[in-house]
Amino acid sequence: MLSSQLGQNTACWDQGKATETHHLPLILIHGLGLDHHCFDGIVPDLAKTHRVITFDLAGHGETPCVEDERPSLDLFARQTRAVMERLDIDKAVLIGFSLGGMINRRFAMDYPDQAAGLVIMNSPHNRGEAG
C-alpha cells in the first residue's frame, strides 16, 4: 500500500501544540489488541505542553486492516511514518507500549533521522522463537 494511502486510512488524533521548550511532537503507539484510548489517562497532561499524536494501528480501533498485507513491525513502522507525513511532522519522539515499543524500535532502525527519541514501556526486547 502506498504511504499516502496508508496515512489517509489511519484514524489519528492530533492534540496540544508545540511550545518553545517542547517543540518535538510526541507520537504514542499502542499495543496489540488495544487502540489509542489506552493513552486517555496521560494525553490531557502531555497536551498541556506538547503536540501529542495518537493513532490506531492497522486492524485496531477505527483503522481498517490493510488488504493483502499481513500485520508486521515493518507495516506498523511504515504506518507511523505515513501518519507523520500526513501531519507534516519531520521528526518526533516515539512512545510505545508493548507492541508499540517494538514498533518504535523498528521505526528508529528504518527512519533514524526521524526518531528524535524513544520511550519503550512494557515491551519485549527479544521474543525468541515463535511458539
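User: Is S98 buried, exposed or partly exposed?

Analyst: Bear in mind that this is a predicted model. S98 sits in the loop between strand 4 and helix 4, and its phi is near 55 degrees, a positive value in a residue other than glycine. Its relative accessibility is 24%, so S98 counts as partly exposed.

User: Where is D68, the other residue I wanted to ask about, and is it buried or exposed?

Analyst: D68 has a positive phi of about 65 degrees although it is not a glycine. It lies in the loop between strand 3 (52-55) and helix 3 (73-86). With 81% relative accessibility, D68 counts as exposed.

User: How many disulfides are there in the whole structure?

Analyst: Sulfurs would have to be within 2.5 Å of each other to count. The sulfur of C12 has its closest cysteine sulfur in C38, at 15 Å, which is too far for a bond. C65 is in no disulfide either, as the nearest cysteine sulfur, that of C12, is 18 Å away. The search of the whole structure therefore gives a disulfide count of 0.

User: Which strands does strand 2 pair with, and in what sense?

Analyst: Strand 2 pairs with strand 3 over 3 bridges, in the parallel sense. Another 4 bridges join strand 2 to strand 4, and these also run parallel. I27 shows both pairings, with I53 as its bridge partner in strand 3 and L94 as its bridge partner in strand 4. The partners you asked for are strand 3 and strand 4, both parallel.

User: Which residues of strand 2 are buried on each side?

Analyst: In a regular strand the side chains alternate between the two faces of the sheet. Strand 2 is covered on both faces. The buried residues are L26 and L28 on one side, and I27 and I29 on the other.

User: How far apart are the end C-alpha atoms of helix 4?

Analyst: Helix 4 has 12 residues, and at 1.5 Å a residue they should span 16 Å. The computed distance agrees with that, so the end C-alpha atoms are 17 Å apart.

User: What covers the buried residues of helix 4?

Analyst: The buried residues of this helix are L99, G100, G101, M102, I103, N104, R105 and F107. The cover over the buried residues of helix 4 includes strand 2 (26-29), helix 3, strand 4 and strand 5.

User: Are the rings of F107 and Y111 stacked, edge-to-face or tilted?

Analyst: The whole structure has 1 aromatic pair. The ring centres of F107 and Y111 are 5.0 Å apart, with their planes at 40 degrees. F107 is buried, at 0% relative accessible area, whereas Y111 is partly exposed, at 22%. At that angle between the planes, the F107 and Y111 pair is tilted.

User: What is the separation between the C-alpha atoms of K17 and R51?

Analyst: K17 is in the loop between strand 1 (12-15) and strand 2, and it is exposed, with a relative accessible area of 63%. Leaving out residues up to four places away in sequence, K17 touches A47, T49, H50 and R51. K17 and R51 are 34 residues apart along the chain, and their C-alpha atoms are separated by 4.0 Å.

Methods:
Residues are numbered from 1 along each chain as its sequence is written. This is a predicted model: local features need pLDDT of at least 70, side-chain atom pairs count only at pLDDT 80 or more; totals for chains, interfaces and linings use all residues. Side-chain values use heavy atoms; hydrogens and water are left out. Helices (H or I, at least four residues) and strands (E, at least two) are DSSP runs, numbered from the N terminus. Buried means under 20% relative accessible area, exposed over 50%, partly exposed in between (1.4 Å probe, protein chains only). Rings of Phe, Tyr and Trp (its six-membered ring) pair if their centres lie within 6.5 Å; planes under 30 degrees apart count as stacked, over 60 as edge-to-face and the rest as tilted. The expected span of a helix is 1.5 Å times one less than its number of residues. Contact means heavy atoms within 4.5 Å. Two strands pair if DSSP finds at least two bridges between them.
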